[in-house]
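Please keep the model open while reading.

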Amino acid sequence: MNAKVLILCILPAMTQAQGFSGLGSDAAGFTLPQPHPQFEFPADHGAHPDFRIEWWYVTANLTGPDGTPYGLQWTLFRSALAPAVRPGWDDPQLWMGHAAVTTPTDHFVTERLARGGIGQAGVEAQPFAAWIDDWHFDGIDEGTLRATGPDFGYDMTLTAEGPLVRQGEDGYSVKSTSGQASYYYSQPFYRIGGTLHLPDGDVPVTGTGWLDREWSSQPLAENQTGWDWFSVAFDAGTRMMVYRLRQSDGADYYSATWIAADGTSTPYTDGEVTATPLEETTVDGHTVPTRWQVELPAEGVDVTVAAVNTQAWMTTSVPYWEGPVTVDGSAKGVGYLEMTGYD
Amino acid sequence: MTGTVLRALLSHWRRNPLQLFTLLAGLALATALWSGVQAINAEARASYDSAAATLGEGTFDQLTRSDGQPLTVASYVALRRAGWLVSPVTEGRLDGVRIVGLDPLTAPGGLGPVQIADGADVGAFLSGQGQVFGRAAALAALPAGPEKVESPDVAPDTVITDIGVAQRLLGRDGQIDRLIVAMTQPIGQAPLSEIAPELIRKVAQGGSDLGRLTDSFHLNLTAFGLLSFAVGIFIVNGAIGLAFEQRRPVVRTLRALGVPLRRLMVLMALELALMALVAGGIGVALGYVIASLLLPDVAATLQGLYGATVAGTLQLRPVWWASGLAIAFGGTAMASAAAFWRLARLPLLAGGSPRALSMAAGRSARVQGALALVLLVAAGALALTAQGLVAGFALLGSMLIGAALALPLILDRVLAMAERLSRGVRAQWFWADTRQQLPGLSLALAALLLAMAANVGVSTMVSSFRLTFTGFLDQRLASELYVTAADPADAKRLVDYVTPRVRAVLPIQSAPAQIAGFPAEVFGARDDATYRDNWAFLSANPDTWDAVAAGDGILINEQLSRRSGLSLNDAVTLGGRQFAVEGVYGDYGNPIGQAILTEAAFEALYPDVTPLRFGLRLPAAEVPSLVEALENDVGIPAANTVNQAGIKRISLDIFDRTFTVTTALNILTLTVAGFAILMSLLTLAALRVPQLAPAWAMGLTRRELGLLELVRAVLLAVLTALVALPLGLALAWALLAVVNVAAFGWRLPMFLFPLDYLRLGGFALLAAALAALWPAWRLARTPPSDLLKVFSNER
Amino acid sequence: MLLTVTDLRKTYATADGDFDVLRGVDLSLDAGQTLALTGESGSGKSTLLHLIGGLDVPDGGRIVLDGTDLTALDDAGRARMRRETVGVVFQQFNLIPSLRVVDNIAFQARLAGRHDGAWCDTLAERMGLTPQLRKYPEQLSGGQQQRVAIARTLAPRPRLVLADEPTGNLDEAAAAQVLALMLELVTDTGAGLLMVTHSDRLAGQMQRRLHLSRGVIA
């Protein structure tokens with residue numbers, strides 16, 4: 001799954017009380033995802049206000065002129081208090097932006113909050129534009145991406161070099177054995193380049209990027225405490241997405257998608273894929289696995305996934321771990337790892 | 001052993017209940033006044049802090065439109081989209097309650113006291129009818145609508161809510177009053193002047209405006225509290241000293257019986273600590289009573305003088321009751337330090353006979369005199385050179401302590417001189433005897449001195465402030481009527497309507513600016529006789545207003561002059577133009593700098609500013625009909641007009657409240673001083689009998705002796721008052737000319753109020769006479785047999 | 001007759017009930033006469049002295065001093081008698097601590113309006129106090145203090161001098177010296193002297209001697 005940080009509640013005070021559990025609560029009034037969706041583009045690139053939560057999530061593995069690996073994240077979350085859109089301050093659509101740049105030694109993070117209705121944040125499908133404050137992501141196939149924080153920023157251009165990929169069953173991504181699900185598609189074939197603005201100066205970078213689009217109203221089951229999500233771009237041109245949803249009873253729920261170089265995808269469900277922590281790191285008081293063994297036997301994958309910078313903790317109002325990884329073993333590549341619920 | 005020793009020590013208090021009472025009452029009174037004042041200050045400051053936190057004053061820079069108009073949502077969003085992390089605030093009053101609307105999503109952390117904690121619902125706060133957070137009283141005043149959530153952290157008379165809810169409640173859709181600028185801003189921001197040139201940035205001042213503005217008031221209260229405490233400690237010191245002296249035989253006996261000195265001292269310290277705890281507890285409770293009685297007046301004063309809202313009811317804050325107890329312990333320690341020191345150095349055999357209170361304490365008198373001289377010389381030097389708050393307080397401290405130390409010596413000299421000059425034998429004996437009483441009374445008299453000096457000083461300062469401020473109001477509020485228009489169109493209609501109907505229309509327009517690097521407000525004044533006739537300057541060139549009207553002159557207020565060092569004829573650059581300072585005027589109660597240009601020069605510099613406020617000159621009798629006409633014909637509600645007489649009445653009312661507080665504190669401190677005198681006299685009464693018995697035996701009646709005791713107390717009070725008056729005036733001078741200047745940037749002229757001083761002197765004499773009445777009466781009623789016992793060995 | 005005491009009675013209220021200190025005392029004294037009053041402790045001799053000196057008020061009987069009935073006087077009248085007619089020397093604490101020796105000596109005379117500087121100087125000189133005149137009482141020895149008290153008593157030339165164990169606090173040598181000086185000066189001024197003592201040796205130096213026992217003259 002591409003289940004990223006879910007924000008039912010945006011305010012810090014609330015999130016402390018709520019954390020990542022309890023996200024599978026009722027979805028009164030909100031539309032629920034149904035199997036066999038028919039996505040319509042470009043309309044579905046835009047917001048779906050009748051669903052509770054939604055995100056536009058870009059991650060990228062970048063390389064500087066001297067070969068230094070970098071990671072980049074640009075995320076816009078939408079969280080609705082009610083399934084409606086109203087003009088002005090009364091709009092129940094709330095928005096949250098997360099941006100980060102990870103180097104082998106540093107991890108820069110920043111966050112923005114806004115409400116819809118006044119134009120401070122939003123997403124338009126045609127032409128595609130997603131923004132919060134001065135951050136923006138314009139254009140799906142040929143796009144620009146910008147974010148700024150107190151001590152960093154970036155300006156990027158994106159070019160899609162492959163088709164959109166529907167995750168799960170035609171874009172219907174099941175999150176638990178009890179049927180929680182989301183709509184989920186990705187653009188895993190971005191070529192990306194641009195400039196990172198870092199405290200030591202600007203760095204020109206190039207690399208590969210990955211866009212996740214997901215919307216839902218009740219993505220997690222009551223007993224699910226967090227997740228581990230991997231996106232991998234193998235050197236051979238293939239892509240892989242794996243997630244593990246951890247349950248309070250100790251059992252895990254797995255899902256994966258194998259994406260051929262031409263964009264053809266094969267979904268794998270629980271029991272066909274595993275991810276096993278090999279090494280843990282304590283960061284900001286939280287212990288998280290930062291080296292993993294990921295196995296997808298059906299595709300001959302048995303790889304070790306290691307964090308470029310183990311300290312990639314997102315000190316946002318909902319904290320989590322997110323950063324670039326290197327992949328070694330049966331195949332080599334780079335990717336992104338996200339881990340939530342490690343309280 | 002410990003128990004036995006402790007019983008022996010404590011038996012002293014059972015035998016001398018009066019001493020015990022003196023000790024406890026003195027300490028309790030001292031603690032009460034101190035903690036009462038602290039409670040008031042703490043309450044007021046908590047109110048300012050919660051208000052400041054609500055508004056982000058002091059912590060965050062603010063953006064407002066330079067023309068004073070509200071901002072639009074579009075310009076807010078434009079700023080956000082240009083990378084400016086700003087958060088909108090809309091505020092206003094509804095049914096007397098200040099409504100503050102915030103955007104919780106963009107408000108910087110730490111802004112707003114609302115801890116949306118248990119049970120709070122973001123959905124409820126941000127949508128539908130929303131929620132308002134405030135104290136119960138404020139919530140009760142609001143009409144039904146949003147859900148009311150009680151939150152004691154919110155400033156009094158204020159509610160906090162979502163900006164959308166606030167705009168709806170206030171009927172101000174889409175209007176934003178100001179933007180709070182987050183402390184950390186992202187990189188790559190465009191400069192403000194490119195995105196929003198109409199906005200000006202007000203730099204955070206560190207600490208709330210209200211806090212700084214009201215500091216002077218709190219300074220007074222604190223000075224009072226501290227002095228009262230000092231007075232109380234004098235009492236305690238006297239009581240402890242006497243108790244230790246009287247217990248010297250017991251101590252000697254106990255030591256002779258083998259009790260180690262160290263254990264004795266520890267036990268006596270424990271005993272005092274216990275008393276400090278008891279007295280401190282009583283004092284804090286009394287302080288709470290004092291504070292809750294005075295707080296409504298203080299709150300009204302602060303509200304009226306400075307617009308600072310302070311809750312009229314007191315909360316039990318741990319800070320002040322803890323500090324009250326701490327100061328009770330500290331005071332006891334201070335008061336007993338000397339007694340312990342003497343006890344520790346006492347040879348085992350020397351402790352037998354109680355040391356007589358004698359006048360032959362030559363060496364210590366010389367030391368005391370030298371110390372007093374050093375302090376007073378230091379005070380004199382500081383008075384000539386002192387600049388800044390610390391030096392100002394050093395001046396106050398050395399002056400007061402020096403005077404308190406010098407007082408017994410001065411009185412001794414005066415009495416010795418009177419003794420030499422007196423003719424009759426009774427008079428001679430009276431002076432000599434009075435002089436002999438001095439050592440025993442000097443602590444109480446020093447307490448009276450401090451209390452009276454504080455009263456003279458503070459009341460001179462407050463009264464000078466009142467006189468200056470009311471004069472200043474006369475100057476500033478020269479127009480008979482002030483009218484505020486809602487918008488420029490409204491303003492135009494107003495001007496068109498009133499111009500043929502009044503003698504003069506004086507627009508009031510201002511713009512924020514930086515002058516010589518200091519934040520200031522620039523006003524544009526129309527050339528009018530009103531200003532020429534009414535304005536008083538601290539310093540000015542001849543034909544000031546002509547020079548200003550010519551367009552090249554500028555007037556600045558005293559604060560700006562002092563802070564920037566600008567004085568007459570200096571050049572001021574504003575918007576690339578040069579102006580010469582033509583005059584400096586007093587501007588009391590204003591925390592920031594101010595400057596005045598002529599209207600034309602102002603309009604050239606700030607073409608965007610449209611005046612919305614106007615002063616109207618017309619015969620006072622026509623004011624009511626004009627107000628009515630404005631409401632009916634122009635549609636300006638009466639609420640937007642302010643009548644000069646009304647403002648002045650309110651100001652005077654405020655001052656009356658201030659005086660209530662000052663007078664109450666005056667009386668309280670004098671009461672404490674009177675109590676000190678009473679206790680000293682009662683303590684001395686036992687020692688007096690052997691001194692008076694020979695005079696009685698030789699033919700003075702007891703009635704005469706009692707009367708002389710009374711006269712003596714009053715006389716000493718008079719002499720002390722004579723010393724206290726110049727000391728109090730010096731105190732007032734130091735407060736007005738040094739402390740005020742350092743703290744607030746303006747110097748108040750000092751006025752003298754002889755009648756007040758006379759009344760105060762009367763109070764002091766009354767306090768002394770009341771204090772001496774009972775001891776004197778007791779003396780007059782002493783049975784002859786008690787007097788005769790003095791002469792025989794069978795006492 | 002300088003002093004006539006008739007059927008004098010005085011009762012004190014004590015914790016054990018009323019105690020009759022004097023139960024009908026009769027006594028008389030001529031000018032220039034010296035009289036010793038002896039008796040056990042508690043026999044009432046100090047009380048008798050206090051009553052004669054106008055320091056206390058009797059419960060019955062009469063005291064006529066220099067032609068004035070003391071028992072008919074009010075507080076102010078008795079105070080005037082103390083100032084003008086009587087001089088009292090007590091065992092201790094005779095002096096006013098706040099005044100110098102010279103002022104103490106002159107004090108009563110000035111109160112009585114009969115101050116005579118030369119006489120005071122003479123008294124001081126004969127009492128051997130000249131070097132001590134500028135001192136305060138607390139700076140003197142016990143014997144010196146009593147000599148000041150005697151000088152002070154004699155300064156206004158009282159008609160009657162009352163002395164209550166005037167040497168009781170002194171050692172024997174000092175006592176003898178002080179007593180000798182007092183007798184000498186009293187005789188010189190022609191005043192009457194009534195001295196309370198329990199010393200037979202001192203009583204022996206007086207012209208007359210009365211013994212008080214259980215509140216009556218024995």
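In this predicted model, the buried residues of α4(C) are C:Cys120, C:Leu123 and C:Ala124. They lie on the same side of α4(C), because they span an arc of only 95° around the axis. C:Ala118 and C:Glu125 are exposed on the other side of α4(C). The buried residues pack against α3 and α5 of chain C. After α4(C) comes C:Gly128, with a positive phi near 70°.

Now to α5(C). This helix covers residues 142-154 of chain C, 13 residues in total. From first C-alpha to last it reaches 19 Å, close to the 18 Å expected at 1.5 Å a residue. Of its 13 residues, 11 are buried, so α5(C) is largely enclosed by the rest of the structure. Among the buried ones are C:Gln144, C:Arg147, C:Ile150 and C:Leu154. Their cover includes the chain C elements tabulated here.

| Element of chain C | Residues |
|---|---|
| β6 | 86-89 |
| α3 | 101-111 |
| α4 | 117-126 |
| β7 | 160-164 |
| α6 | 172-189 |

How do α3(C) and α5(C) pack? Their angle is about 35°, and their axes are 6 Å apart. The crossing of α3(C) past α5(C) is right-handed. On the α3(C) side, the contact is made by C:Val101, C:Asn104, C:Ile105, C:Phe107 and C:Gln108. α5(C) contributes C:Val148, C:Ala151, C:Arg152 and C:Thr153. By type, the residues of this contact are five nonpolar, three polar and one charged.

Notes
Residues numbered from 1 in each chain as written. Chains lettered and ligands numbered in written order. Predicted model: local features only at pLDDT ≥ 70, side-chain atom pairs only at ≥ 80, totals over all residues. Helix = DSSP H or I, 4+ residues; strand = E, 2+ residues; numbered from the N terminus. Expected span 1.5 Å × (residues − 1). Buried ≥ 20, exposed ≤ 12 C-beta atoms within 10 Å, placed from the backbone. Contact = placed C-beta atoms within 7 Å. Arc of directions from axis to C-beta. Axes fitted to C-alpha atoms, helices over the stretch in contact; angles between N-to-C directions. Left-handed = near helix turned anticlockwise from the far one by under 90°. Nonpolar A, V, L, I, M, F, W, Y, C, P; charged D, E, K, R; others polar.
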